[in-house]
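Please consult the sequence and structure shown below alongside the text.

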Amino acid sequence: MDYKNAGVDIEAGYKSVELMKEHVKKTMRPEVLGGLGGFSGAFSLAKIKEMEEPVLLSGTDGCGTKVKLAMIMDKHDTIGIDAVAMCVNDIACAGGEPLFFLDYIACGKNYPEKIASIVSGVAEGCLQSEAALIGGETAEHPGLMPEEDYDLAGFAVGVCDKKEMITGEDLKAGDVLIGMASSGVHSNGFSLVRKVFEMTKENLETYHESLGCTLGEALLAPTRIYVKALKSIKAAGVTVKACSHITGGGFYENIPRMLKEGTHAVIEKDSYPVLPIFDMLAKEGDIEEQMMYNTFNMGLGMVLAVDAADVEKTMEAIKAAGDTPYVVGKIEAGEKGVTLC
């Protein structure tokens with residue numbers, strides 16, 4: 001008896017590392033010390049010394065049951081973008097710059113090419129957010145997971161000067177809410193999605209005119225990363241007063257998280273286009289509108305508040321970063337919460 005006969009292939013692990021190295025290399029930043037394969041990832045903090053009061057920000061998350069779609073469609077090169085996005089977007093909406101990322105892949109059996117494909121997506125997400133992929137772990141779990149299954153999660157660390165943190169403390173009535181378009185369902189609500197749509201390869205590969213693509217392509221579209229957009233706003237000299245990453249819990253759970261006591265967010269539902277995939281979900285699943293906005297991003301992946309005088313400058317900065325902005329509402333005095341009208 002040996003480890004391989006017990007279900008863990010060490011040689012496959014070595015091959016996975018070799019195959020992923022080319023993807024990891026693309027994400028390197030000058031601050032990264034050493035290479036892939038050490039017991040820990042090292043990152044120099046020399047540049048942080050230039051800040052008055054540096055604050056480290058961290059985020060950890062996974063892709064939820066969206067990975068099940070990747071398995072059914074046998075497409076694994078974008079799910080890693082989702083894992084990175086869920087972490088770095090949280091850091092960015094607090095005012096931070098993501099510095100580095102580590103991934104964790106748990107699988108029933110290590111198929112090196114599949115693992116390398118997953119990591120290629122992680123590397124792409126790191127490139128989009130300008131974070132270095134400095135380490136990770138691939139854990140083979142025979143007997144705990146079916147051989148074809150895997151799960152993916154990650155952890156990111158970022159930094160910002162304390163004076164530049166986005167806290168909501170200066171939020172006031174009259175401030176304007178700007179939303180940035182999402183790329184689709186992103187990485188939340190897939191337990192409901194999988195109840196609405198038949199999760200077969202045939203159904204997911206069916207083309208829909210209203211979507212302009214197959215159902216699977218619409219659902220698997222990777223989570224939009226908003227790091228560059230928020231950097232662009234900052235570079236334009238605009239102070240973002242509050243910011244919310246629209247993830248699990250949709251509008252009703254996430255918008256209040258960016259507010260301070262005594263402020264109330266009002267969002268106009270017709271101020272931006274709801275993506276066709278959400279219309280299809282609501283219709284096919286007979287899902288009430290309240291539940292849709294309480295589960296999904298409904299076409300907005302990030303919502304931020306700025307002074308009314310900074311709206312035009314903010315919109316231009318977002319467009320310059322390649323994202324699509326919409327003025328979606330305003331801040332009013334009142335009980336902390338959100339109204340959709």
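**Backbone exceptions, sheet and helix packing**

E130 is partly exposed, with a relative accessible area of 37%; buried means under 20% relative accessible area, exposed over 50%, and partly exposed in between, with a 1.4 Å probe and protein chains only. The model is predicted, and local features need pLDDT of at least 70, side-chain atom pairs count only at pLDDT 80 or more, while totals for chains, interfaces and linings use all residues. Residues are numbered from 1 along each chain as its sequence is written, and side-chain values use heavy atoms, with hydrogens and water left out.

**Residues with positive phi**

- E130 is not a glycine, yet its phi is positive, at about 60°.
- E130 lies in the loop between α4 and β5 (132-140); helices (H or I, at least four residues) and strands (E, at least two) are DSSP runs, numbered from the N terminus.
- M298, likewise not a glycine, has a positive phi of about 55°.
- The loop between α11 (289-293) and β12 (300-306) holds M298, which is buried with a relative accessible area of 5%.

**The α3–α4 pair**

- Helix α3 (residues 79-92) packs against helix α4 (residues 112-129) at an angle of about 40°, and their axes are 6 Å apart. Axes are lines fitted to C-alpha atoms, for helices over the stretch in contact, and angles run from 0 to 180 degrees between N-to-C directions.
- The two helices, α3 and α4, are therefore oblique to each other (under 35 degrees counts as roughly parallel, over 145 as roughly antiparallel, 65 to 115 as roughly perpendicular and the rest as oblique).
- On the α3 side, the residues that meet α4 are I79, G80, I81, V84 and V88; their counterparts in α4 include I118, G121, V122 and E124.
- By type, the residues of this contact divide into seven nonpolar, five polar and one charged (Ala, Val, Leu, Ile, Met, Phe, Trp, Tyr, Cys and Pro count as nonpolar, Asp, Glu, Lys and Arg as charged, and the others, Gly among them, as polar).

**The six-stranded sheet**

- An open sheet of six strands has the order β10-β12-β7-β13-β11-β14, with mixed pairing; two strands pair if DSSP finds at least two bridges between them.
- At the edges stand β10 (242-245) and β14 (337-340), each with a single partner strand, so one side of each has no neighbour in the sheet.
- From one strand to the next, the twist averages 25°.
- Strand β11 (residues 263-267) runs parallel to β14 and is joined to it by four bridges; A265 stands opposite V338 in β14.
- Helix α8 (residues 227-235) packs on the sheet and touches β7 (176-181), β10 and β12, where contact means heavy atoms within 4.5 Å. The direction of α8 makes about 15° with that of β12.
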